[in-house]
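This report covers the fold, the strand pairing and the backbone exceptions of one protein model.

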Amino acid sequence: MRVALPLLTMVLLVQGPVFAQDDKSAQVKRGQYLVTVGGCNDCHTPLIMGSNGPEPDMKRMLSGHPQDLVVKAPASVSEPWGGAMTPTLTGWSGPWGVSFAANLTPDPETGVLRDFTEQQFIQTMRTGRHQGQGRQILPPMPWPNYGQMTEDDLKAVFAYLRQIPPVKNKVPDPLPPTAQR
């Protein structure tokens, strides 16, 4: 025996997954917007020399400090300068040692977020500690600013970062002020 469903019920059954997909799509779009206006590409996407000067290398979007660019710490700077940066704008040397922009892509081997849960990402932005409890996140990462984002906004950033193209790029660990590489 066939049971006829009311038209509204059929529409709701059909539309349910579409609404969920639209919500996820809206979250990812919001994350893309926040990553863009938050300047994440400024440090996490290496610069290359273009016809008009330095420009982001979007083939390596958000992949962090290039693994083939070896840096020694600390850089020599004189007063009043407090630090130096690599030409890719992905490595910084200062009194803290050398910090490198992380690979934010979802590469399963080299992406820093590969082992993060959404909650660990939020805790990282709130506490300034890797995975919310590990080593300190070093300058120039403005985690105190990003830590002021709403939970929904941080979830949107995480959702966006999880779906961008993966880039295999092993970023070196930070170097202490006296370490040589």
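What share of the 181 residues of the protein counts as buried? The answer is 36%, where buried means under 20% relative accessible area, exposed over 50% and partly exposed in between, with a 1.4 Å probe and protein chains only. The model is predicted, so local features need pLDDT of at least 70 and side-chain atom pairs pLDDT 80 or more, while totals for chains, interfaces and linings use all residues. Residues are numbered from 1 along each chain as its sequence is written, and side-chain values use heavy atoms, without hydrogens or water.

The protein has 5 helices and 5 strands, in the sequence pattern α-α-β-β-β-β-β-α-α-α. Helices (H or I, at least four residues) and strands (E, at least two) are DSSP runs numbered from the N terminus.

An open sheet has 3 strands in the order 3-4-5 with antiparallel pairing; pairing requires at least two DSSP bridges between two strands. Strand 3 (84-85) and strand 5 (97-100) are its edges, each pairing on one side only. Strand 3 is joined to strand 4 (residues 91-94) by 2 bridges, and M85 has W92 as its bridge partner in strand 4.

Most residues other than glycine have a negative phi, and most peptide bonds are trans. Exceptions are tabulated here.

| Item | Backbone value |
|---|---|
| E79 to P80, cis | omega near 5 degrees |
| P139 to P140, cis | omega about 5 degrees |
| L62 | phi near 60 degrees |
| Q131 | phi near 55 degrees |

P80 lies in the loop between strand 2 (53-56) and strand 3, and L62 is in the loop between strand 2 and strand 3. L62 is buried because its relative accessibility is 0%. The loop between helix 3 (118-127) and helix 4 (143-146) holds P140; Q131 is in the loop between helix 3 and helix 4. At 22% relative accessibility, Q131 is partly exposed.
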